[in-house]
Amino acid sequence: MTGQPSLNSANLDSPLWQFALDFWRVPEAEALCLALQTKGWSVTRILCASWLGTLGKAYVDEPEELCQWRETMTVRLRSMRQKLPKDVPELSKLRQQLAATELEAERVELALAFTALNPDNDTFAPSEEVAYTLFQCNLYAAAPNAQAIDQETRGLIDSLTELLARHAIRPAECSL
């Protein structure tokens, strides 16, 4: 990633956010991303890696400010929400509010990522073969660590790569 992200210059409706919204509507995308999340992966990192693939760009490490936001805000909000029992009706409103706040934290996280990624105009729509390889390489680069890739995870990555290659949302198709 190239720039240092700043909350002051974060674009909450960035092309990356629009890609995330559009990609989440692709059948199977949510289930695959959430399955990886249960294995310790960051959905926002997956989305960044996927979006960069549509631009013909490789995914690289994130700046510290972005990682700090994820850990101090997004992950903590998710943890609080997940600790609330689902079967207690009196807590459903609180769960919903935390879920909405968690989503907004992810939106800020993607805005910070967009600022840090700062893709230049030197992007291209890769061929189908190149796109498949780039999606797969980017997803592996988005892994939390090398130990996070077991046989089941490889299958999830392969399925997500195929899904991205079949349904890749090009930046021009995003609802800007």
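Reader: What makes α4 and α5 roughly antiparallel?
Author: Start with the angle. Helix α4 (residues 64–83) and helix α5 (residues 92–117) pack at about 165 degrees. Angles over 145 count as roughly antiparallel. So α4 and α5 are roughly antiparallel to each other. Their axes lie 9 Å apart. The crossing of α4 past α5 is left-handed.

Reader: Which residues of α4 and α5 meet?
Author: From α4, they include Leu66, Trp69, Leu77 and Met80. From α5, they include Leu98, Ala105, Val108 and Leu112.

Reader: What makes the contact between α6 and α7?
Author: α6 supplies Tyr132, Phe135, Gln136, Leu139 and Tyr140. The α7 side includes Arg154, Ile157, Leu160 and Leu164. Eight residues of this contact are nonpolar, two are polar and three are charged.

Reader: How do you know that α5 is close to its expected span?
Author: Compare two values. α5 has 26 residues and reaches 37 Å from its first C-alpha to its last. At 1.5 Å a residue, 38 Å is expected. After α5 comes Asn118, with a positive phi near 35 degrees.

Reader: What makes the phi of Glu28 worth noting?
Author: Most residues other than glycine have a negative phi. Glu28 is not glycine, yet its phi is positive, near 85 degrees. Glu28 sits in the loop between α1 (15–24) and α2.

Reader: How confident is the prediction, and where is confidence lowest or highest?
Author: The chain averages a pLDDT of 86, and 85% of the residues score at least 70. α2 (residues 29–37) has a mean of 95, while α6 has a mean of 86.

Reader: Where does pLDDT stay under 50?
Author: Over residues 170–176. The model has 15 contacts beyond four places in sequence for that stretch. Where pLDDT is low, predicted coordinates should not be read in detail.

Technical notes
Residues numbered from 1 in each chain as written. Predicted model: local features only at pLDDT ≥ 70, side-chain atom pairs only at ≥ 80, totals over all residues. Heavy atoms only, no water. Contact = heavy atoms within 4.5 Å. Helix = DSSP H or I, 4+ residues; strand = E, 2+ residues; numbered from the N terminus. Nonpolar A, V, L, I, M, F, W, Y, C, P; charged D, E, K, R; others polar. Axes fitted to C-alpha atoms, helices over the stretch in contact; angles between N-to-C directions. Parallel < 35°, antiparallel > 145°, perpendicular 65-115°, else oblique. Left-handed = near helix turned anticlockwise from the far one by under 90°. pLDDT = per-residue confidence, 0-100. Expected span 1.5 Å × (residues − 1).
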